Amino acid sequence: MSGDLEVSALAINVTIPQSLRWTDTRRGEAFTLTTLNVRLLPDGRLATKAYGRPVAGGRGAYVSFPVPDKPELAALVADAASRAGALWAAHRGLG
């Protein structure tokens with residue numbers, strides 16, 4: 001059965017440590033980015049988007065931002081993906 005099984009998405013959410021957070025602007029509003037969404041693509045590569053809260057406060061819109069090309073963020077993504085893979089591999093089934 002596993003050969004015929006199609007998994008369409010694997011995604012994790014990762015909290016960005018305070019020291020690695022950054023601010024970006026969208027639609028005239030500044031956001032502090034606090035969370036990464038990391039997806040495992042069918043070819044094995046990872047794709048990321050960042051999400052956060054408006055600097056001015058409130059809920060604001062759920063808007064994605066590109067993740068800067070920084071070694072510290074790349075390491076965070078790689079570590080999180082490896083940790084998620086280990087957790088998935090060790091699953092104990094339903095219930």
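This is a predicted model: local features need pLDDT of at least 70, side-chain atom pairs count only at pLDDT 80 or more; totals for chains, interfaces and linings use all residues.
1. Start with the loop between β4 and α1 (71-89), where G57 sits. The names follow DSSP runs numbered from the N terminus, with helices being H or I of at least four residues and strands being E of at least two. G57 is called partly exposed because its relative accessible area is 39%; the cut-offs are under 20% for buried, over 50% for exposed and partly exposed in between, with a 1.4 Å probe and protein chains only.

2. Residues are numbered from 1 along each chain as its sequence is written, and side-chain values use heavy atoms, with hydrogens and water left out.

3. Next, the largest pocket, which has a volume of about 200 Å³. Its lining is made up of 12 residues, and Y51, G52, R53, R59 and Y62 are the ones nearest the centre. Two elements, β3 and β4 (46-54), each give two or more residues to that lining. Strand β3 has the largest share, at four residues. Sorted by class, the lining has four nonpolar, six polar and two charged residues. For that sorting, Ala, Val, Leu, Ile, Met, Phe, Trp, Tyr, Cys and Pro are nonpolar, Asp, Glu, Lys and Arg are charged, and the others, Gly among them, are polar.

4. In case you wonder what counts as a pocket here: on a 1 Å grid over the protein atoms alone, a pocket is an open set of points where a 1.4 Å probe fits, with protein on both sides within 12 Å along at least five of seven lines, and lining residues have an atom within 4 Å of a point. Volume is the space filled by probe spheres set on the points, which are joined across faces, edges and corners.

5. The second largest pocket holds about 150 Å³ of space. It is lined by V7, S8, A9, L10, A11, R39, L40, L41 and P42. The elements giving two or more residues here are β1 (10-15) and β3. The class count for this lining is seven nonpolar, one polar and one charged.

6. L5, V7, L10, L40, L46 and W88 make a nonpolar patch of about 590 Å². Patch members have over 30% relative accessible area and no salt bridge, with nonpolar side chains (Val, Leu, Ile, Met, Phe, Trp, Tyr) joined within 5 Å; areas come from the Shrake-Rupley method with a 1.4 Å probe. L40 belongs to strand β3 (residues 29-40) and is partly exposed because its relative accessibility is 38%. L5 is in the segment before β1 and counts as exposed because its relative accessible area is 53%.

7. How many salt bridges does a search of the whole structure find? There is one, taking a salt bridge as a side-chain nitrogen of Lys or Arg within 4 Å of a carboxyl oxygen of Asp or Glu. The partners are D43 and R45, whose closest N and O atoms are 2.7 Å apart. Both D43 and R45 are exposed.

8. Most residues other than glycine have a negative phi. R27 is in the loop between β2 and β3, and it counts as exposed because its relative accessibility is 71%. R26, by contrast, is in strand β2 (residues 22-26) and is partly exposed because its relative accessibility is 28%. R26 and S64 are 38 residues apart in sequence, and their C-alpha atoms are 9.1 Å apart in space.

9. Last, T15 in strand β1. T15 is exposed because its relative accessible area is 57%. Although T15 and R83 are 68 residues apart in sequence, their C-alpha atoms are 13 Å apart in space.

Conventions:
Patches are made of residues with over 30% relative accessible area and no salt bridge: like charges are joined within 9 Å, nonpolar side chains (Val, Leu, Ile, Met, Phe, Trp, Tyr) within 5 Å.
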